[in-house]
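Subject: A structure for you to look at

Dear colleague,

I am passing on a structure that I would like you to open and read alongside the notes below. Please keep the viewer at hand while you go through them.

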Amino acid sequence: MGDWRERPAPRKARDAGGTAPERAGAGGAAVRGPVDADGAAARTGPGQATKAHAPGLPRHVRVAIIGAGFGGLGAGIRLRQAGMTDFVILERAASVGGTWRDNTYPGCACDIPSHLYSFSFAPNPDWAHSFSRQPEIWGYLDDVADRYGLRGHLRLGTEVTEARWDSGLARWRLRAGGVSLTADVVISAAGPLSEPRLPEVPGLADFPGEVFHSARWDHGARLDGRRVAVVGTGASAVQIVPEIQPTVARLVLLQRTPAWVLPRRDRVITTPEKWVYRHVPPAQRLARLGNYLAREPAFGAFVARPGILKAAQRIAVRNLARSVPDPVLRAKLTPRYVMGCKRILLSSDFYPALVQPNVEVVGAGLARVDGRTVIAADGTAQDVDVIILATGFRAVDAPMAGRIAGTGGVTLAQAWGGDMRALRGTTVPGFPNLCLVIGPNTGLGHSSMIHIIESQLRYILDYLATLDRTGAAALDARRGAQERWCAGIERRMASSVWATGGCVSWYLNAAGRNTTLWPGSTLGFRRATRHLDASEYDVITA
Ligand SMILES: Cc1cc2nc3c(=O)[nH]c(=O)nc-3n(C[C@H](O)[C@H](O)[C@H](O)COP(=O)(O)OP(=O)(O)OC[C@H]3O[C@@H](n4cnc5c(N)ncnc54)[C@H](O)[C@@H]3O)c2cc1C
């Protein structure tokens, strides 16, 4: 079966010397990037232009940023806008894009409208659909890296294998791409969903066909006319299944828990609309605001009044009833927890795909594999040629935490002990001058993560300004401050649908604590991160 566990992320075609169409073919959308500041149509989209890799690493930088997804690129842009140029962005892959570079599976798209799921300061008037496809979002990020002058800061193919706080020097010592450097401040934007979660299933390693994770799609694997098992029914699976169902001989969907699925109101953005967005920028800001306001009130239902979600649940029940006439299949697909407890999925073609004659939904997870036979926990056995693991990501035990060692050599993973915590989602006691982008309890169930990222970046800029203003070498979050912050989170979390909705989700750690989501409004988070409160930090002098 080969080394599926070790298979590297698909590399961006252009950086690997390939061509864009290979990639665009998977998602189906033509790639077209945003416009230049002067309004001229921009080049871009992955694959169109090749830029040289940045030269070697400096010995020391003021700021080292880990990761070149929305978080890392956003951090770089904000630093430059604040007049700071002494920084590098260390990215292990061969191109920028993070999530949107790695997830090349058929049908991959955002589930928050693109006008909102993009940087507020870098609108793209050319989004082709309300919910953009992966190639287009990837192209957007590639273009943003150019437009905001990040190329000279990027060090691609440079994996950070260690970041160690040197208390004597009051600096971080990093090992990146086999080279050492030091940094006053580290911003880790290594991604909340960048490491695939691979299930420990007996016999899987000996499966004789192709096995791959949805985020490491094997574009060489032939699916047409073959028997394919899809493991999982989360956000990736609902996008993959409708795309591959028409061409596979047989599709076996192994479902541990059904998801609540609402119709996705996707549409093509017309040429006149794009013209308006390009030439009347306030119109696009208004569209963004509309998207934002349509979603924001939902946080109240998630956090304080899960009962309200039952109204939306009725829409999902009707959607299911309309699409799935067979009562047995419908029962299998009906969740037994309150909507919102697990991520709400948006799709208008998932259920229609499931009722096709070449699809079988197995109402149990994958228990073991015997040769070519996949065997579910309920004993159902099916022979297949390919297994696609749509099994999600290591959201509560990020590997990066094992690579970052703070005061006393204690790693972040050790300090957390499987229970991630951070002050304002960003800083951790014992890890001076380390800022996490999308740290613990910053995720959202109802809106765009870019809003949260931008809030955190504002806080991090204030952090850096505080260092400059005070002449301190470092700031170290106070334990008491973190405890107070986390106590507030616990209080609000207790009544949330994630705690009361009757499900087990990837938001929860092994102890059942929700360490991933922010139990509040995006505005509440923005207020909490508007300024750094110096009383929450110990000052370390040089
Ligand atoms: C399929 C999918 C769809 C999604 N859709 C939405 C959506 O519609 N709306 C929404 O709000 N959110 C969505 N998300 C969540 C999404 O992850 C965030 O919105 C956002 O893209 C995270 O950006 P990031 O920069 O923090 O992380 P990432 O995009 O994951 O980027 C992290 C980067 O860090 C790099 N890296 C990691 N470790 C190292 C290391 N040791 N050294 C060097 N580099 C390293 C990775 O290679 C990667 O490039 C989706 C996630 C997935 C997986």
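A word on confidence comes before anything else: pLDDT is the predictor's confidence in each residue, on a scale from 0 to 100. You will need it here, since this is a predicted model. Across residues 1–54 the pLDDT stays under 50, and for that stretch the model has 125 contacts beyond four places in sequence. Where pLDDT is low, the predicted coordinates should not be read in detail. The protein as a whole averages a pLDDT of 90, with 90% of the residues scoring at least 70.

Now to the ligand, which is surrounded by 35 residues, the closest being Gly71, Glu91, Thr99, Asp111 and Tyr117. Sorted by class, this shell holds 18 nonpolar, 11 polar and six charged residues.

Which residues place polar atoms by the oxygen atoms of the ligand? A backbone N or O atom of phenylalanine 70 lies 3.1 Å from a ligand oxygen atom, while a polar backbone atom of threonine 99 is 2.8 Å from an oxygen atom of the ligand. Arginine 101 contributes through its side chain, with a polar atom there lying 3.0 Å from a ligand oxygen atom. On its own the ligand has 990 Å² of accessible area, and the protein covers 95% of it. The elements that give two or more residues to the shell are α2 (70–81) and α3 (99–102), and the largest share, three residues, comes from α3.

With best wishes

Definitions and conventions. Residues numbered from 1 in each chain as written. Predicted model: local features only at pLDDT ≥ 70, side-chain atom pairs only at ≥ 80, totals over all residues. Heavy atoms only, no water. Near = heavy atom within 4 Å. Polar contact = N/O pair within 3.5 Å; in protein donor to acceptor, adjacent residues only side chain to side chain. Areas by Shrake-Rupley, 256 points an atom, 1.4 Å probe, with all protein chains shown as cover. Helix = DSSP H or I, 4+ residues; strand = E, 2+ residues; numbered from the N terminus. Nonpolar A, V, L, I, M, F, W, Y, C, P; charged D, E, K, R; others polar. Contact = heavy atoms within 4.5 Å.
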